[in-house]
Amino acid sequence: MLAKEEDPPETVVSIAAWVDKAKADPETYLERQATEVFLSTLGNIEPYKHQMFLKGGILMAVAYESPRNTGDIDLSTIADPQEGIAEEIQKALDAAFPAMCAELGYPELMCRVQSYKYSPKGEKFPKYEGPAIKLKVGYAKRGSPQEKHFDKKQSTTALEVDISFKEPIGAIQILSFAGTDQTVRAYSLLALMAEKFRALLQQEKRDRHRRQDVYDIHSLCQRFTLDEDERRQLLEILHEKCAARGIEANKNSLEQPEIIDRAKADWHTLELEVGEVPVFEECFQASNSLYKSLPW
């Protein structure tokens, strides 16, 4: 469920500064421009601007200055997982992309949803415990060699967008992009932390390796200290998220060997995203300390 807040707090972020940090790398620079266009467009289209919430690595980067470089855009939605919703989202985004590119000062940039995929497919989609949609949003500059591929919906430069349904959101915030009139709804800090803890606890069930969540929680712990009330709220959101995925969490759940081993397995690959990689054991200890400090 979504926390009942008439006026969610607004956080002003400089997404333009995040885009500009990649100027030395033309490919990443263009990818970030496309990401800004996508988020700004999402924050404008009805009814989805009220129903979709940014989370994951892009939220970490734009709102919390994470150096971790990710091109994936992760969203949760309170929209019903009904048949045809991917097509409806595609239509709304594609109709609004050109005007947003121009408004943000990227008149040569083109964006278009070039494919979508339901998970699971068919009749199982609306009935599944955690249904999702994957969009591939192609982008290219006018006059570039990529334009002909873009026109055929076969662009090799594309944003991967994951939209999760039936996901308890928790508390939210509104990200306001400095210097523009654009906003997008996003997870609050506590909801983001709860999501990352839940993802770690869910590794074995989903056969995943979530080293990025240990890194991100550690990064947030370095920037924020939670008071007693915030820790209580974090635990409430975590319980709700775990219950939605059939997970029974307790004070010692995070330090189970299987969870630690899976989170550590690909730790070294973070070097490709952040450069110098911190020691896993230190990052995990900080994450587990926060986890165990919650009022279980």
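This is a predicted model: local features need pLDDT of at least 70, side-chain atom pairs count only at pLDDT 80 or more; totals for chains, interfaces and linings use all residues.
Residues are numbered from 1 along each chain as its sequence is written, and side-chain values use heavy atoms, with hydrogens and water left out.

The secondary structure of the chain consists of twelve helices and eight strands, where helices (H or I, at least four residues) and strands (E, at least two) are DSSP runs numbered from the N terminus. For 296 residues a compact globule would have a radius of gyration near 19 Å, and the value for the chain, 19 Å, agrees with this; the radius is taken over C-alpha atoms, and the globule rule is 2.2 Å times the number of residues to the power 0.38. Along the principal axes, the C-alpha atoms fill a box of roughly 55 × 45 × 35 Å. Of the 296 residues, 50% count as buried, a term that means under 20% relative accessible area, with exposed meaning over 50% and partly exposed in between (1.4 Å probe, protein chains only). Among the contacts in the chain with a separation of 6 or more, 72% come from residues 24 or more positions apart, a contact being heavy atoms within 4.5 Å.

We turn now to the charged side chains. The structure holds 22 salt bridges, each defined as a side-chain nitrogen of Lys or Arg within 4 Å of a carboxyl oxygen of Asp or Glu. One of the 22 salt bridges joins Glu 195 and Lys 241, at 3.0 Å from N to O. This pair links distant parts of the chain, since Glu 195 lies in helix 6 (residues 189-201) and Lys 241 in helix 9 (residues 228-244), 46 residues apart. Glu 195 counts as buried because its relative accessibility is 11%, and Lys 241 is likewise buried, at 0%.

Helix 6 also holds Lys 196, whose partner Asp 213 is in helix 8 (residues 211-223), 17 residues apart. The side chains of Lys 196 and Asp 213 meet in a salt bridge of 3.0 Å, N to O, and Lys 196 is buried with a relative accessible area of 4%, as is Asp 213 with 1%.

In a further salt bridge, the closest N and O atoms of Lys 292 and Glu 255 are 3.3 Å apart. Here Lys 292 belongs to helix 12 (residues 280-293) and Glu 255 to the loop between helix 9 and helix 10 (257-265), 37 residues apart. Lys 292 counts as partly exposed at 28% relative accessibility, and Glu 255 counts as partly exposed at 29%. Salt bridges that share partners join Arg 68, Lys 196, Arg 210, Arg 211, Asp 213, Asp 216 and Glu 273 into one network.

The last stop is the backbone. Most residues other than glycine have a negative phi, and most peptide bonds are trans. The peptide bond from Glu 46 to Pro 47, however, is cis, with omega near -10 degrees, and Pro 47 is placed in the loop between helix 2 (26-42) and strand 2 (52-55). The bond from Ser 119 to Pro 120 is cis with omega near 0 degrees, in a loop setting between strand 4 (109-119) and strand 5 (132-141) for Pro 120. Lys 153 has a positive phi near 60 degrees and is partly exposed, with a relative accessible area of 39%.
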